[in-house]
Amino acid sequence: MNNTVLELKNISYKYKNDLILNKINLKINSGEKIALLGKSGSGKTTLISVLNGTIKPTQGEVKLFNKNFEELDRKQKSKITTIWQDLRLIEDLSAEQNVNCGLLAKNNFYFAFKNLLNISSFKKAHKYMQLCRLHNSIYDKKIRQLSGGQKQRVAIARSLIQGSNILLADEPFNNLDPKLITTIKNLMLESIDKNNTKKSPKTALVSLHRLDLLNDFDKVIGIRDGKIFFNIKRNNLKKIHLDKIY
Amino acid sequence: MNKLKLNYTSLSFLPILVCIPLGYQLINNIHFGGLKLFQEFLISAFNPKIDNEIIITIIKRLNETILIGLFSWLVSIIFGAIFGIISSNIFYKIFNIPNFLYRIIRFFLTIIRSIHEVVWGILLIQIYGINFSIGILAISIPYIAINSKVFAEQLETIDYKSFESINQINAPKFSSLLTLIWNPIINTFKNFGLYRLECSIRSTVILGFFGVGGIGTSIFLSFQTLNFRELWTYLWSLAILIILSGLIFKKIKFNTANKILSIFFIAVFFITILFSFSYFIYFIFNNNFENFNSFSFLFKSSSDLGLFDFLKLILETIILSLLSTGIAISFPPLVIGIFNNNTSKIFIKIFAFLLRLIPTPVILLTLLTFNNPSISLAALTLGLHNAGITSKLLFTNLDSQDKRNYIAMKSLGISKKTSWLLGLFSQQAKSYLAYCAYRSDIIIRETAIVGVIGSVGLGWQLQESLSSFAWQEVAIVMIAYSSIAIVGELINGKIKNSLT
């Protein structure tokens, strides 16, 4: 449990003249489930983008499995998966094609080609779409034809199908109805084996707004104005902590 | 005194002022020697020659035209897509390639695009001799560059967030590239592909005038022998081909969800690439290049072209482009606005169709029957042909426009012409001008055709230099042509951006 999988050392990120992240130090250990709390604009999305390598920090080091991010090869980098706040699905592709995109890292060019021609197998994609409670009538629908909630679940299915060890999620429960949230949250926090049963717990960092969803998390990080204000066990979270960041 | 206020509507009519110098020169150059020929030309339109022999020739010539058009289209659309990909910024982002390479490729394609297929045609004929494949090559070379620009522009619209998302999956780079570009490429092909096929066929007809074969060659030979009845038989058969292909194109729908069709397209894609490469190798190794043994020719040949004459030719080409563009912009709204009734509309549409149908060399040669060669005559030809194209767009847009403003204005007692101008045209003026800016790029390139036939500008000089194998002059003229087209494209690009 104590193996550090992700580490941020003195990370700062400046955009134009604004300091978005300010000297952040963070260690994420294997199997930890962390909730990231903070107001809109506090730097949560930027922090996630730095963690998955999309944004290069202005200062500091990002380490994945004790190696600098730049030194990692493609396969090592693919051990992180992200559910973006704005989903970032490919609008012109169907829901099942988008979910299959999650398998691109583990397959060759021919698979990508077959996926676009609609001649690849969608078996695995359908399994994950079912797990995310997506009805089979929407499998071949284009993303632009889906509702907000359906799009959200396609993005989650695409992320889960990657089978990555580390999950980063930026407000993944937006657009979902309350009944679905629990199902999706459980799916996200535990890996799934071939028989559709839950296996070992995942390492996850999930940014949230709703405090009632904190139950299944081990730790809570509070961020404000690009600075980490607290990084504590969930059981130790008190109102005083929340007052600092909200 | 009130200041003159320019808006999009008035800007659409202002270029008609080019008719003042143009009309003055045309009136001065008028002669009546060929009036009888002109009369005969017009009458023959209603009395084309029809017999077994000509029908067999038409079938043979149309076959050649379709074959050259189809092959050059296939090659140019496929290689256009490939060059479009390697000249789009998404390619460089995915593969982390330095951006300067992207600029070099784009610049190279801009130069190739700036030279008209007719110029490529006469250049290749001079080097290689008359050959069926010259038509395909002459069209494919600039068309690949034109198509690549369209594909690249579409690829630039890919959402950066989609790129980041696919990038974050850490898929193999080629898989990421393919996934991102697939739909923009397919959509461009769907929206633009068949239009380019029509362009290829039209270019084949024009190149036929310079000997590459097809119906264009027959049209030119009929004109040279003043056999107008035969000429009109070819023109009407060409009209039938264009109308029929237009109807077929409207019916064709590319369904990419159809797996068999998709696999067929992929097969055509790879076969075309393999065929093109093998043909290219064959072309290189089985060619004696009679008149162009090596690049040293370029330096051995001398140039008799004086600086003053050369600058004069450049100026002539620029003036020719400006005058033609002026006619192409202002003529359609002016004529449609003045003759604003249903019967006139039908006649204008037929006239515009004829202007699009009849190749520019034929229009020019016909006008030469009663007017001496001049910049004005060449500009009138090019302007009228392009006015036929701009008027088609204007009619389509006006017909699909909401007419409530127009009806409301008429009900207030405002005259029909004013209501049309303010209630209908004014709403189209901005997009019409944006299209005309795009069209003027093509007009600059097309000055080569009328230049060669009408003895004006750089086009004429190119023909002269090629005939005397003065390769240094050819190179200078080509550079000048290319520079004018590139500067024109830059200016028009700015205008288009401000209008859209």
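Predicted model: local features only at pLDDT ≥ 70, side-chain atom pairs only at ≥ 80, totals over all residues.
Two residues are in contact if their C-beta atoms, placed from the backbone, lie within 7 Å.

View 1. Among the contacts in chain A with a separation of 6 or more, 67% join residues 24 or more positions apart. Of the 246 residues in chain A, 43% are buried.

**View 2. Overall dimensions of chain A.** The C-alpha atoms fill a box of roughly 50 × 40 × 35 Å, taken along the principal axes. Chain A has a radius of gyration of 18 Å, which agrees with the value near 18 Å for a compact globule because that is what 246 residues would give. Eight helices and 12 strands are found in chain A.

**View 3. The open sheet of chain A.** Six strands make up this sheet, in the order β6-β7-β10-β3-β11-β12, with mixed pairing. At the edges stand β6 (80-83) and β12 (227-233) of chain A; each has a single partner strand, so one side of each lacks a neighbour in the sheet. From one strand to the next, the twist averages 15 degrees.

**View 4. Strands β3 and β11 of chain A, side by side in the sheet order.** Strands of a sheet pair through backbone hydrogen bonds, either parallel or antiparallel. Strand β3 (residues 33-37) of chain A pairs with strand β11 (residues 219-224) of chain A in the parallel sense, over four bridges.

**View 5. Leu37(A) and the residue opposite.** Leu37(A) belongs to strand β3 of chain A, which spans residues 33-37. Opposite Leu37(A) stands Gly222(A), in β11(A).

Terms used. Residues numbered from 1 in each chain as written. Chains lettered and ligands numbered in written order. Helix = DSSP H or I, 4+ residues; strand = E, 2+ residues; numbered from the N terminus. Rg over C-alpha atoms; globule rule 2.2 N^0.38 Å. Buried ≥ 20, exposed ≤ 12 C-beta atoms within 10 Å, placed from the backbone. Pairing = 2+ DSSP bridges. Axes fitted to C-alpha atoms, helices over the stretch in contact; angles between N-to-C directions.
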